[in-house]
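Here is a short report on one protein model. Please look over the sequence and the 3D view before reading on.

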Amino acid sequence: MKKALLVMSLISALSACGGGSSGSGSNSGNNSGTGGTGGTSGTGSTSSGMTEAMKVFAESWISMQAVLNLHDLLIMAGNNGNCPKGGSVSFNGSTTSLSNCVRRFPADNAYLGNFSGTPVFTGSVKSLNFQSAGNLNVNAGDNPAVTQYVMSNTSFNGTDNETGSGDTSQIGNGSATFVMGAASSYAVTSVGSTAVNNGSSLNSNAGFFYSKSNAAASRVVTTQNLIFSSDTSGMTNRPASGSYNVAVGGTTTSCVNVGVQMLANNQVKISCSATSESRTVNWSDTDVQSALRSARS
């Protein structure tokens, strides 16, 4: 198995926001946000612009984790043996099979299923044309009997370069569908993403489209230098810095663009460009948690 630290995954972010098999979070700080320019303080922003911005933030954050999951699959492709935190992975012919494989960190996902693609190695660089073969279940790492979501229709071209100083993985032309519940599914398309892991931090940059539950309109997400810092148990569950922008599109949008700036592991600033409103909130705030639950339902 590769010894590189695992990139951030969907469930690590959701468990930090009240998801995961235990349904509890570990956020620090108080439970009220602070007001930003033109914004409101505490929980309960009610303007149409900030209501839309909060909704778009929650959906785009969940979609971004799916993009980062593609890096996980790239790293696991073509391996054989036991996984560091449980389960196993095997490679036969052109198929990688995962039996509740839990990577070294953040150990929140247990991958179950198989996918096609024969890695090609040139020195330290692994190249892969990834094609899903059926569904991939992403189960809870601490309780693999619990399925968190199911990925399907997944494909991408990727390279992974592991050296003594770290690991750089790149995804191109990526797409995937993932189902989180009976009524909720997401699609990410045109994914281009790079994750650089130097052992003490993970730097992520990406661009992609996403849509929820087969919506006609797709939104464009562009991320800039999202930094996940290392702590005693591995990478922290949320970025400590960096930003991303969501181009909302459509004729009924109040914001046109929604900005998201990571201020600390427990705080984020959400902005609505058209109304010049913004809010600084804690991940544990009631309305943030409510928006994330709605995005998953």
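Which residue forms a disulfide with Cys83, and how far apart are their sulfur atoms? The partner is Cys101, and the two sulfur atoms sit 2.0 Å apart. The model is a predicted one.

**Disulfides**

There are two disulfides in the structure. A disulfide is a covalent bond that joins the sulfur atoms of two cysteines. Counting bonded cysteines along the chain, the pattern is 1-2, 3-4.

| Disulfide | Sulfur to sulfur | Angle about the S-S bond |
|---|---|---|
| Cys83 and Cys101 | 2.0 Å | -110 degrees |
| Cys255 and Cys272 | 2.2 Å | -115 degrees |

Take the link of Cys83 and Cys101, which is left-handed. This pair ties together distant parts of the chain, 18 residues apart. Cys83 is in the loop between β2 (81-82) and β3 (88-92), while Cys101 belongs to strand β4 (residues 95-102). Both Cys83 and Cys101 are buried.

The link of Cys255 and Cys272 is left-handed. Cys255 has a relative accessible area of 0%, so it is buried. Cys272 counts as buried because its relative accessibility is 2%, and the cut-off is under 20%.

**Overall makeup**

The protein has three helices and 18 strands. Of its 297 residues, 49% are buried. Among contacts with a separation of 6 or more, 54% are between residues 24 or more positions apart. The accessible surface is about 11,400 Å², and carbon and sulfur atoms hold 47% of it.

**Helix α2**

Helix α2 covers residues 48-76, which is 29 residues. From first C-alpha to last, α2 reaches 43 Å, close to the expected 42 Å. Is α2 enclosed or open? It is largely enclosed by the rest of the structure, because 26 of its 29 residues are buried. After α2 comes Gly78, with a positive phi near 80 degrees.

**Two sites toward the surface**

Thr163 lies in strand β9 (residues 143-163). Its relative accessibility is 38%, so Thr163 counts as partly exposed. Ser124 is 39 residues away from Thr163 along the chain, yet their C-alpha atoms are separated by 6.8 Å.

Ala183 falls in the loop between β10 (166-181) and β11 (184-197). Ala183 is exposed because its relative accessible area, 63%, is over 50%. The C-alpha atoms of Ala183 and Arg296 are 9.1 Å apart, with the two residues 113 apart along the chain.

How values were computed
Residues are numbered from 1 along each chain as its sequence is written. This is a predicted model: local features need pLDDT of at least 70, side-chain atom pairs count only at pLDDT 80 or more; totals for chains, interfaces and linings use all residues. Side-chain values use heavy atoms; hydrogens and water are left out. Helices (H or I, at least four residues) and strands (E, at least two) are DSSP runs, numbered from the N terminus. Buried means under 20% relative accessible area, exposed over 50%, partly exposed in between (1.4 Å probe, protein chains only). The expected span of a helix is 1.5 Å times one less than its number of residues. Contact means heavy atoms within 4.5 Å. Accessible areas come from the Shrake-Rupley method with a 1.4 Å probe; for residues, only the protein chains shown count as cover. A disulfide is a pair of cysteine sulfur atoms within 2.5 Å.
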